[in-house]
Amino acid sequence: MRLLIFAAAALVAFASPALPSPYPVQRVDLANFRYAPKPIVLAAGKPVTLMFVNVAKGGHNFNARDFFARSRILAGSAPGGRIELSGGQTRSVTLVPSAGTYRVHCSHFLHSSFGMTATILVR
């Protein structure tokens with residue numbers, strides 16, 4: 001009987017919709033030699049979840065060392081100021097950004113030379 005109750009509770013838990021993020025979500029797509037949106041515009045001092053989605057088959061990264069260093073990260077991580085994504089992978093980082101203009105680039109061989117650069121504007 002206990003097993004049946006546990007199984008029913010587990011089924012309800014997995015069938016329930018996920019709780020929405022308490023912060024706004026800004027999606028950032030990484031594709032072959034581009035980021036979108038471009039520029040990335042955020043509000044200074046306002047928590048936001050950045051959802052990085054690699055829509056390409058190959059790997060890319062979001063390298064913004066100064067941006068991540070000056071932001072207060074609440075959840076997730078950006079080791080060395082970089083988000084590394086394999087093809088099709090998604091990662092999220094929740095943070096409080098500081099005002100400024102920050103450069104972003106993909107540090108994979110020749111990707112920034114092919115135009116995989118962007119700007120983050122935090123106002």
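Modeller: Here is a quick tour, from the overall make-up to single residues.

Modeller: Keep in mind that this is a predicted model, where local features need pLDDT of at least 70 and side-chain atom pairs count only at pLDDT 80 or more, while totals for chains, interfaces and linings use all residues. Residues are numbered from 1 along each chain as its sequence is written, and side-chain values use heavy atoms, with hydrogens and water left out.

Colleague: Fine. How many helices and strands are there in the protein?

Modeller: There are 2 helices and 10 strands. Both kinds are DSSP runs numbered from the N terminus: helices are H or I with at least four residues, strands are E with at least two. Going from the N terminus, the order is α-β-β-β-β-β-α-β-β-β-β-β.

Colleague: And what share of the residues count as buried?

Modeller: 33% of the 123 residues. Buried means under 20% relative accessible area, exposed means over 50%, and partly exposed is in between, using a 1.4 Å probe and protein chains only.

Colleague: Which strands form the open sheet, and in what order?

Modeller: It has 5 strands in the order 2-1-4-8-6, with mixed pairing. Strand 2 and strand 6 (72–75) are at the edges with a single partner strand each, so one side of each has no neighbour in the sheet. On average, neighbouring strands here are turned by 30° against each other, direction ignored. Those angles use axes that are lines fitted to C-alpha atoms, for helices over the stretch in contact, and run from 0 to 180 degrees between N-to-C directions.

Colleague: What counts as a pair of strands?

Modeller: Two strands pair if DSSP finds at least two bridges between them. In general, strands of a sheet pair through backbone hydrogen bonds, either parallel or antiparallel. Strand 4 (residues 48–54) and strand 8 (residues 90–96) run antiparallel and are joined by 6 bridges, with V53 opposite T90 in strand 8. Strand 6 also runs antiparallel to strand 8, through 3 bridges, and there R72 stands opposite V96.

Colleague: How many bridges join strand 1 to strand 2?

Modeller: 3 bridges, and the two run antiparallel. A31 has R34 in strand 2 as its bridge partner.

Colleague: So where does F33 sit?

Modeller: In the loop between strand 1 (25–31) and strand 2 (34–36). F33 is partly exposed, at 33% relative accessible area. Its phi is positive, about 70°, although F33 is not a glycine.

Colleague: What does F33 touch?

Modeller: Leaving out residues up to four places away in sequence, F33 touches H60, H111, F114, G115 and M116. Contact here means heavy atoms within 4.5 Å. H111 lies in the loop between strand 9 and strand 10 and counts as buried because its relative accessibility is 13%.

Colleague: Are F109 and F114 buried or exposed?

Modeller: F109 is exposed at 72%, and F114 is exposed at 54%. L110 counts as partly exposed at 37%. F33 and L110 are 77 residues apart in sequence, yet their C-alpha atoms are 9.2 Å apart in space.

Colleague: Switching to charges, how many salt bridges does the structure hold?

Modeller: It holds 1 salt bridge. R27 and D29 meet through their side chains at 2.5 Å, N to O. The criterion is a side-chain nitrogen of Lys or Arg within 4 Å of a carboxyl oxygen of Asp or Glu. R27 is partly exposed at 40%, whereas D29 is buried at 18%.

Colleague: Last one: where are the cis peptide bonds?

Modeller: One joins A36 and P37, with omega about 5°, and another joins K38 and P39, with omega about 0°. P37 is in the loop between strand 2 and strand 3 (40–42), and P39 is in the loop between strand 2 and strand 3 too. For background, most peptide bonds are trans.
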